[in-house]
Amino acid sequence: MTTPISVDRVAFRRGAQDILSEVSLSIDAAQVVAILGPSGSGKSTLLRVVLGLVAPDRGFVRLDGEVVSADGRIFRPPEERGLAVVFQDLALWPHLTVRGNLAFGLAAKHLPADVQDERISRVLRRVSLQGKQDRYPANLSGGERQRVAIARALVLEPRALLLDEPLSNLDVPLKRELLGLLKEILRERRVTAVYVTHDLREAMQLAHRFAVLEAGRISQTGTLDELFANPTTAFLRALREDVDPVSAPTSV
Amino acid sequence: MKVPLKLAALTIAVCASFACKRTQREVVVYTSVDQPFAEPIFREFEKRSGIQVRAVFDTEETKSTGVLNRLIAEAQRPQADVFWSGDPVRPFVLAKRGLLEPYASAAAASIPAQFKSADGLWTGAAARAKILLVNTRRVAPPDMPQSILDLANPRWKAQAAIANPVFGTTTMYVAALFTVWGDDRAKAFLEQIKANGTRIASSNGEVRRLVAAGEVAFGLTDTDDAHEALQDKAPVQVVYPDQGDLGTLVMPNAVVLIKGGPHPAEARALVDHLVSPEVEKRMTETAGHIPLRRDLAGTPGPGPFRTMQVDYARMADEIGKIEPWLRQWTGI
Amino acid sequence: MDRHLSATLKRAQEPLALGAVGSMLIVAALLPFVFLVVNLVRAPAELSAGLALLGSREPWFVFLRSVGSALVVALASMLVGMPLGLLLGCTDVRGRKAALILHVFPVFLPPFLLALGWFHLFGRSGLWGGSEWTSGALFSLGGSVAVEALAFAPVVTSLVALALQGIDPSLVEAARVTARPGRVATRILLPLAWPAAALGGLVVFALSLSELGVPMFLRVRSYSAAVFARLGAVQYAPGEALVLTLPMLLISIALLVLERRLVGPRSFSVLGLRSTGKTVLPLGSWRPIGTLVAWAGALATLFPFVGLAWRASTGTAAVQDWIGSGVQNSIVPAAIAATLLSGMAVVLGRAIALRRAGAKALDALTVLAFVTPAAVLGVGLIGVWNRSGTQPIYGTLAIIVIGFVARYAVLPTRTFALAVARASPHFEESAAVEGAWFLRRLVRIVVPLHAGAIVAAWLLAFVFCLRDLETTILFYPAGSAPLTVRIITLEANGPEPVVAALALVHTSIVAAALVLGALAFRPRRRA
């Protein structure tokens, strides 16, 4: 079986600054991998490299074994990668209805109209938005918009779903509700996903595996237990203390 | 999205209707005769001949690069059929570059030979003259200046005005002096003018305003400017200078045919019209010009005053030569 | 094979589109300069004459004088524009919006029309003047500086007002807790608005340096007029004129660098991310005085219209005899050019905002074509297009459209670039990830998302094309003179009331276009 996403020794510079260096990561099918890191650690850039929005200066990106970008070149532009993304600002197109937002990518793939309709109504039902398909994003609540964004990504049935801190602007009850929904959907559809966040509690709910990105380098990967068994950096130790106060060194 | 699309559709429709219009006979004329006088004459020609006139007008000399330069720039492929020049000198610039087509119009038969070329390269029409405009409140008739030499006369120190000789008809006048007097005398005269504190105005119109307002006692300007001042009932009087020897410079408008213009037949018809006695009469009445024909009823021809004997072709040459010196003289 | 080809084509959509727009710009704006340079090299006499002229003192004297007066104009318009922008941008003076609109309006008119208006107020036979002194003051370097400063001040006012409307109200609220309004204005708001004011100053400087109509009308020596005169003298020497423009080109390049260095990276943020239009600085007891000052400043730029209206009312001559087809000749090419330009702006403006390869060079080309003396561009255009094979272009309104595209591309392009830079890049990136290729994204996402900006870009291009005088006067097809050209050719010895009335006709057309544009621009809420 091929690996849906594999990143191999990727480096990315902006000016004189190393944003990513020697980043390697692979994600297995139906697996949810969380990329954890403080702000400015290069998480979003890594996602953009995978999406094909920017080319890595060095290193390879493979999708299902095919090299899609390498050493400053993009062989498959984002349009051809079959991925889907949810950005932090959601980027719902304000001039299109909920239905229009969902249909856009399907139409770009030239799917027959009845297939589009069927897929859209199934996804909308799944995120409990049936009946709101003719609304514009401006007339939806925050939680509803979040669900439209998730639905818009899922309706494409992508080979992998990339999420860039999609829930970071929500209040706690809403976040909890949406995390639950997202987890259910990802599991039942066996979606391969990359979830970028700085919040370990969010990541814990969704992810099978974790990768910690600090200052452009992957400092550790593994399951939660593996990570916490031997935290190598201060960031990781702080994360552990946050979710597991018992592990904190007792102050004298 | 809809708004720009609609606008695009609208503009395309408008242009289409616009482009379809040009099917009738037409003639293209470039002119440095003032638009307020020239345009009605074109309209009249259109009515009479059924030929549509498409015109490019000049602005006051300093305001644009001028139709003359446009004619030169377009020489490779002429756009104009006729150039109706407000002076007799500019056509020679075109003649020297071989851009003119001779045409001796029958309608110009009665124009004196002095004001046209025998081979029909250019034909003079109504003219202007360089005159002294005197403020009657400041100067009584017996004391009025009678010669351009008075511009340099200490008696009129800082009381006279002349337009910037780099532009317009004043260039021509200075060039005439250079051809008649020779370089040395002409240059010395101009230096004396400057030393005498004579005001250098930006244009002939400005000289007219200075004289009419009494800011200066008199100034060298053109008959059409004088005509305007008289119409405004300004306290001014015209003096035709140098009646004893030098004579007054007459500057006829000149009509020329452009070689290789797109509408040769229509062009000749327009030339015939522009040099006709009728148009000359009209320019005399509306534009303050003086007629070149003695046979024009009721209006004085150039006859009543002594005209300066000049060769307009030589004047044109002279302008090219003295221009750098004049720039230096004015300080541009 | 076929599939492979179509995939390649899809991938090439964006570079092809940018290439097409770039080629149009190169043909319209760069080719004329190339033509002139080639001719110059072929005619070494003109080159050496021009260089000799540049080697003498006189041109540099005029040049420095022009640069100096443009500097004074820029400073004066900042002096007027900054306080007005503050008052009209974010305080609670009465009728703030109306005052701002009235104040800014004259920017969209050819400055020589305003000079004409001032002339009818203060000239020798003017409404309020009639004295030698006022006339002398108007027809002087000082008069020309004042006319230009008032004509261009709204550039600064509107940029400052926009910038202040975009700032975070909490910044000001925090200061208001401890300080009086005057202190808040000078210590908090003006420093925040400074980059916008500086950008405005740069724009005004460039406009003033290349302004031709005002100094010529007021008979003041200026360098751009001297360059024009070099073309207008009996010795036709376009090459020499080109050499004479070199100092101006140097200044243009310096301005471009300055803009990129000082304001460029910030110019998008300078203009504010969102215009709340809310009052953030109530003036309290100073409100009546603030209102008075704001309205006085706003109306000062409108005085010329009083002069024009008065002069137009003194005549009985029929305007329709003189207007010819001037209105049509103005509107048709301006509308076509604006439509073309806004289409180009969508592709190029987006590319500039997203820093695509080649976009920066094209941006620089548009800026240079805008600030280079129009006469030089015009002579180049004649040289390029007056050939036997191109008569359908040169002999028709198409040549005017090309001239407009060359000269005014910078305005709609920058407008659209601003809109794209202000919006989240994720709108388009999401669409790309979903499989939509460039053209589909452009049509379905970018254009509808920025419909307002496209209307604004169209309007700006349209109004500036209407305003043009110095580009088209050189090559408008015979018999198709635009209204501005008719006004200036009739101004020589034409009946004054008619010329004033024609100026008012031009003013009304621009006003009508702006009102219609504002109606189209009004944000619509989707229900």
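Guide: Helix 2 (residues 98–108) of chain A packs against helix 3 (residues 113–126) of chain A at an angle of about 135°, with the axes 10 Å apart. Axes here are lines fitted to C-alpha atoms, for helices over the stretch in contact, and angles run from 0 to 180 degrees between N-to-C directions. This is a predicted model, in which local features need pLDDT of at least 70 and side-chain atom pairs count only at pLDDT 80 or more, while totals for chains, interfaces and linings use all residues. Residues are numbered from 1 along each chain as its sequence is written, and chains are lettered from A and ligands numbered from 1 in the order in which they are written.

Visitor: Which residues in helix 2 of chain A and helix 3 of chain A meet?

Guide: A:Arg99, A:Leu102, A:Ala103, A:Leu106 and A:Ala107 from helix 2 of chain A meet A:Gln116, A:Arg119, A:Ile120 and A:Val123 from helix 3 of chain A, where contact requires C-beta atoms, placed from the backbone, within 7 Å. By class, this contact has 6 nonpolar, 1 polar and 2 charged residues; Ala, Val, Leu, Ile, Met, Phe, Trp, Tyr, Cys and Pro count as nonpolar, Asp, Glu, Lys and Arg as charged, and the others, Gly among them, as polar.

Visitor: Switching to strands, in what order do the 6 strands of the open sheet in chain A run?

Guide: The order is 7-8-9-3-10-11, with mixed pairing, and the edge strands, each pairing on one side only, are strand 7 (83–86) and strand 11 (217–222) of chain A. Helices (H or I, at least four residues) and strands (E, at least two) are DSSP runs, numbered from the N terminus, and two strands pair if DSSP finds at least two bridges between them.

Visitor: How many bridges join strand 7 and strand 8 of chain A?

Guide: Strand 7 of chain A pairs with strand 8 (residues 160–164) of chain A over 4 bridges, in the parallel sense, and A:Ala84 stands opposite A:Leu161 in strand 8 of chain A.

Visitor: And how many residues does chain C give to the contact with chain A?

Guide: Chain C gives 19 residues and chain A gives 20. On the chain C side, helix 23 of chain C brings the largest share, 7 residues.

Definitions and conventions
Contact = placed C-beta atoms within 7 Å.
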